[in-house]
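Open the model in your viewer and keep the selection panel at hand. The stops below go from the sheet to a pair of helices.

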Amino acid sequence: MAVVTGAGSGIGKSIATALAAAGASVVACDINAAAAADTAAGFGGVGVGADAASVDGIATLLDAARAAYGPVDIYVANAGITGQPGLGDDEAAWDRIIDINLRAHIRAAKAVVPEWLERGAGHFVAVASAAGLLTQLGAAGYSVTKHAAVGFAEWLTITYGDKGIGVSCVCPMGVDTPLLRGMTDSDDAAIRVAGNAVTHAGNVVSPDDVAALVTQAIEDGTFLVLPHPEVLTMYRQKGADYDRWIAGMQRYQRTLG
């Protein structure tokens, strides 16, 4: 049985649908209960309206999932937000993006990993971003939390990978989702820069393309999932000469500005 958060639209909806097509019983979760129900109706699954970033919300989600289908085998931590542009002026907004983009992963893992250790099986999917390997122009909160999400996924697989627990970390660039369209269409110039940095860096792929790779990664036990293979080249260039990479990113930012 699989649980997918942020499943009301975009990547989460496509992953939930793909897992159901692959034969899994799927619980689609979204903070928008109607959107979750709509996704689940598409494949005869269960939709749950819950805040997947909070301890209580995760407990509600897992209780509903177990009541419907029994033990959780796969947990896809997909829910995410872009947050404020720049450094962000609102401390509460920083807390919110850290809760949704990072602590949601930590809290979910704390809820499911003990059970998986007892069973010797389970798979955690962290939907992060290429921003977690590279950076995100224009939005410190998004860049920081996606880096942290990648770091947490690495820690999970190193710590529990030889105990039957699989981990996959998904790091796409541009994906045709409401989140990306909201950035590129924003009235805020800084947010538009952040969106354009993504769309100009490579092809914008479909959520279904990402979902197909995620489903395969779960089956194969693959850690790093790159819907844009060129991200690996960029990541290697970053590591090979950090100062040169930073200078290149500064030039790229100037062209977008």
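Contact here means heavy atoms within 4.5 Å. Helices (H or I, at least four residues) and strands (E, at least two) are DSSP runs, numbered from the N terminus. This is a predicted model, in which local features need pLDDT of at least 70, side-chain atom pairs count only at pLDDT 80 or more, and totals for chains, interfaces and linings use all residues. Residues are numbered from 1 along each chain as its sequence is written, and side-chain values use heavy atoms, with hydrogens and water left out.

Select the strands. Seven of them form an open sheet with parallel pairing, in the order S3-S2-S1-S4-S5-S6-S7; two strands pair if DSSP finds at least two bridges between them. At the edges, S3 (46-49) and S7 (224-225) each pair on one side only.

Next, select 122-127 and 165-170. These are S5 and S6, paired in the parallel sense over six bridges. Histidine 123 stands opposite glycine 166 in S6.

Axes are lines fitted to C-alpha atoms, for helices over the stretch in contact, and angles run from 0 to 180 degrees between N-to-C directions.

Finally, select 55-69 and 91-119. The axes of these helices, H3 and H4, come within 10 Å and cross at roughly 40°. Show side chains: Val55, Ile58, Leu62 and Arg66 in H3 meet Ala104, Arg107, Ala108, Ala111, Val112 and Glu115 in H4.
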